[in-house]
Amino acid sequence: MPLSPLLVKASAQGRTVVEVTPERAGWTHVGFKVLRLAEGERESVDTGARELCLVVLTGTVDVEVDGQRFDKLGTRDSVFEPVSPAAVYVPGGKTVTVRARRNAEVALCTAPAGTEPRTVSVIDPAAMTRSVRGKGSNTRHVCDILPHTDPRAAHLLVVEVLTPAGHSSSYPPHKHERDALPEETRLEETYYHRLNPPQGFAFQRVYTDDRSLDEAMAVENHDTVMVPRGYHPVVAPHGYDLYYLNVMAGPTRYWVFRNDPAHEWMLQPAA
């Protein structure tokens, strides 16, 4: 049976773990790439007409942007540690070099740079908002890396979520596919999944109200799901914690979503 066109399987070997370009996704805004760098390895990136949020998922790296150095970024050995990641925001027209001080996994999250001048900056892990959403088996733990309340970016929004084993996430199902403020905004999105233990799997569904898009996928460690439109809930089976990194971008840098009316009842207070 063919894989869903929305599922990007990870490469088990090589420097590039996974990559989503706007051309591959068939959309306009979000670009996403994950690199695995061994100690001492380097990677250079020209941002061009795109802005970049570099997230140090694990390991420790030095980052240089047009001669400006940011050393010893990243402390985590695992994305499942209750610690915020290191991150760097880079506007368009810059050359970025990343060098791994120890084995590292780095996410490159990109979107159109916009026209306003912007500044290279480290996003302080201590300033990232950490919160708990949901109740019961819908509880998950959120770290806002680059939310829409942070004015430094033109289009990018970046967040990571840890969903405990046996819990659901991005649930009740919600969508953000229409430019219809104040009810909803249009944002493309990628989900980069990690499982603990790593041999695990999780499930994600992407569907629209009219079911013209309706894909259900089993995701494994390091896989990415593209969400061009529609609702996109996730479920972590018993025994396997789920982490995902979300990258969102669209014409309006504002996250406003609409819940699936069929499932919104569960948000109502008990009688």
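Charge first: the protein chain carries 29 positive and 34 negative side chains, and the centres of those two sets sit 2 Å apart. Keep in mind that this is a predicted model.

**Overall dimensions and packing**
- Along the principal axes, the C-alpha trace of the protein chain spans about 60 × 40 × 40 Å.
- Of the 271 residues, 53% count as buried.
- Taking contacts with a separation of 6 or more, 73% of them come from residues 24 or more positions apart.

**Surface**
- The protein chain exposes about 12,200 Å².

- Seven strands form an open sheet in the order 1-22-19-24-14-13-12, and the pairing is antiparallel.
- Strand 1 (7-8) and strand 12 (129-133) are the edge strands, each with a single partner strand, so one side of each has no neighbour in the sheet.

**Zooming in on strands 12 and 13**
- Strand 12 pairs with strand 13 (residues 140-146) in the antiparallel sense, over 5 bridges.
- Within this part of the sheet, Arg133 stands opposite Arg140 in strand 13.

Technical notes:
Residues numbered from 1 in each chain as written. Predicted model: local features only at pLDDT ≥ 70, side-chain atom pairs only at ≥ 80, totals over all residues. Heavy atoms only, no water. Buried < 20%, exposed > 50% of the residue type's maximum accessible area, 1.4 Å probe, protein only. Contact = heavy atoms within 4.5 Å. Areas by Shrake-Rupley, 256 points an atom, 1.4 Å probe, with all protein chains shown as cover. Lys, Arg positive; Asp, Glu negative; His and termini not counted. Charge placed at Lys NZ, Arg CZ, Asp CG, Glu CD. Pairing = 2+ DSSP bridges. Helix = DSSP H or I, 4+ residues; strand = E, 2+ residues; numbered from the N terminus.
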